[in-house]
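Could you walk me through a strand and a residue of this model? I am new here and would like to learn how to read them.

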Amino acid sequence: MASVLQKCSVLCRSLPASAAVKAFSRSTAPCASSLQTKDFHSGAAVYSQQLATVGASSKYGGRYTVTMIPGDGIGPELMAHVKDVFRYAGVPVDFEEVQITSQEGDDVAIENAITAIKRNGVALKGGLKTLHLDPSFGVSRNVAVRVRLDLFANVLRCKTFPGLPSRHGDIDIVIIRENTEGEYTSLEHENVPGVVESYKIITAKNSERIARYAFEYAQRHGRKKVTAVHKANIMKMGDGLFLECCKKMSEEFPNIEYESMIIDNCSMQMVSRPQQFDVMVMPNLYGNIISNIGAGLVGGPGLVPGENIGQEYAVFETATRNTGKSIAGQNVANPTAMLLASALMLEHLGLDKYASLIENAVYKALADNKIRTPDLGGQHSTVDMVQTVVKEVEAQAAKL
Amino acid sequence: MASVLQKCSVLCRSLPASAAVKAFSRSTAPCASSLQTKDFHSGAAVGASSKYGGRYTVTMIPGDGIGPELMAHVKDVFRYAGVPVDFEEVQITSQEGDDVAIENAITAIKRNGVALKGNIETPHDMSQALFKSRNVEVRVRLDLFANVLRCKTFPGLPSRHGDIDIVIIRENTEGEYTSLEHENVPGVVESYKIITAKNSERIARYAFEYAQRHGRKKVTAVHKANIMKMGDGLFLECCKKMSEEFPNIEYESMIIDNCSMQMVSRPQQFDVMVMPNLYGNIISNIGAGLVGGPGLVPGENIGQEYAVFETATRNTGKSIAGQNVANPTAMLLASALMLEHLGLDKYASLIENAVYKALADNKIRTPDLGGQHSTVDMVQTVVKEVEAQAAKL
């Protein structure tokens, strides 16, 4: 992996180049790795006490530049609302917008987007629609962004929203999903007509990396338990390797409880008793499913934000990555997820005060003002929610 | 596929040998098939069954964990109900070197045509990487291509969601369960997921025929074709094409992640669902969790010639084995489904109604339902009711 470029004078930090992972024999030490212990997550200062960011970020004259990819569907309107809220809050962030759409021939646009994110280090992103009925449409563009930038961890926090009624109370689950391999490699072929073989790739390197991330996250945030989700009774080598890496990593963190659970039992437990889960770590597809179950349990796709974290870059988006094509432009989308994602982004940049400002305003709008967009069963519009948040933000920003 | 053997004089029916599915090119007619329309589902007894002197013989595989005790209870209930079924027990366990046992079991099921099965544990310790799941082997060898479970809200049993009535039809032989894995480079494992047009078309046809036969209105195909464009794309194509043969049944498709979220927010929207193997595994468990848990829902594995009945979520229940706390509902309802498949509808209803009554009226709650009753409490309640009603049969 290439070493990280320094972008700004104030936030100068030198990160050691991650050493290459040597090939090793699986029979002896499957998950030995020479990756150094790194603190990837937002909000944790690595080398300097007052600095709270890792990876690259663009800062000049006290203002940050962040790449913004509006995407399809409800993306553009939500991004406009994010900019509004930032303006009223006085957030020192400028957005560099890059348009990628789901139209064909947009390879140049993807390259530009990826270069822009590399330059700025941080991005806020809407969902890009994948035309799965069109055989000439290539790989999903969302996947391309994640893989090219090596955003290996997808983190979402499913927490019961105060004041928002739901069937289950007291949910507080952190889902950490491997974000680059597994079933999402798009390696498929049809050697015999009518017989398609799809590859699912599990590597020791990525499994170890995501396991380490999960345990470090748990430790840093004072979480008690990590649950590894797998299907190793059927995919004995693939998920077996993932499970082994998690087990080995758990031995390095003896104060954190470790358990493993098969994906089918886990799905059932999620719908009967989600309160038992704390931090969960899993390969890509199971993460996709469990994330959606978790988001559905706390209130739906309009509420939960997600982060894609890499060693050098971070991209923030809604947790369930919907484009919301059917409700685009109708002023009914729930802006909560995108607003909370932007708050997570501010936390990542070290702008904690602004992050809390926006988060608290959003929670207040849901709990006290009881703004309910149609996805929450109400009649309010997107603009109702945004204006409520803006009013609160304006009032509180004066005190900052 | 081999032709079906006739076993009994009364239930003599001749089934045409299913024609071989010809290879075809995907670009022209992806899902053309020469499989004949068959009524696979229970209630219209097809395939082999052993009947002699008015009594059926059914293979019983107790399995591991709570399997043996539940099977014993099933036999009890059958005895009190006077069900004309004899069980031929075959032991398979999760011990190594049991290949002979598997062969015997499969032969026994082929001979009898119908089986009641507990779950056989599969160790997921990597040192036993060559140990393939025995449950999968039974399903694949007998070509039990459809796994059907009905997630229906139990009357009288409180749950978070009401009015759920979903039939989940899951492809049961291919997909992620082929156990084809290899490690060409140390530390990099490639697992194959296989989707074939033949099996996709077969399961889609089964799903639509099921919907039609049972008066269901909608079939939802679940997939992840935005990521696995060729594999799940093929599956989706076969479902779409099949839907055109059944114009009176509504058809829709949904991506697995959105589907999972819809299942936990609004499961009432679903009617019949059809999907490949792994998604079926997950959605089945979500569905079972929504109506009350793994102890309640029965499942059937249907093939063209054989049928194997078990609990829907296929748990061994190792941690509660031998403690008299397991919920026998799922296994009892599975045995009732089996009786329906054999054509013994009266006995099937007898047992089903007794089970529902025990849950709704007598309010028997085993620990998995949050109560204190034991397995034996539930079984005895069912037996009492069955005895009372059997006299009127």
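Q: What should I know before I start?

A: This is a predicted model, where local features need pLDDT of at least 70, side-chain atom pairs count only at pLDDT 80 or more, and totals for chains, interfaces and linings use all residues. Residues are numbered from 1 along each chain as its sequence is written, chains are lettered from A and ligands numbered from 1 in the order in which they are written, and side-chain values use heavy atoms, leaving out hydrogens and water.

Q: Which strands pair with β13(A)?

A: Strands (E, at least two residues) and helices (H or I, at least four) are DSSP runs numbered from the N terminus, and two strands pair if DSSP finds at least two bridges between them. Strand β4 (residues 122–125) of chain A runs parallel to β13(A), with three bridges; there, Ala123(A) faces Val315(A). Strand β12 (residues 305–309) of chain A is antiparallel to β13(A) over five bridges, and Ile309(A) stands opposite Ala314(A). A hairpin of four residues links β12(A) to β13(A).

Q: Is strand β13 of chain A mostly covered or exposed?

A: Buried means under 20% relative accessible area, exposed over 50%, and partly exposed in between (1.4 Å probe, protein chains only). In β13 (residues 314–318) of chain A, five of five residues are buried, so the strand is mostly covered.

Q: Why does Thr329(B) count as buried?

A: Because its relative accessibility is 0%. Thr329(B) lies in helix α8 (residues 329–342) of chain B.

Q: What does Thr329(B) touch?

A: Contact means heavy atoms within 4.5 Å. Leaving aside residues up to four places away in sequence, Thr329(B) touches Phe154(B), Gly295(B), Leu296(B), Val355(B), Leu359(B) and Met378(B).
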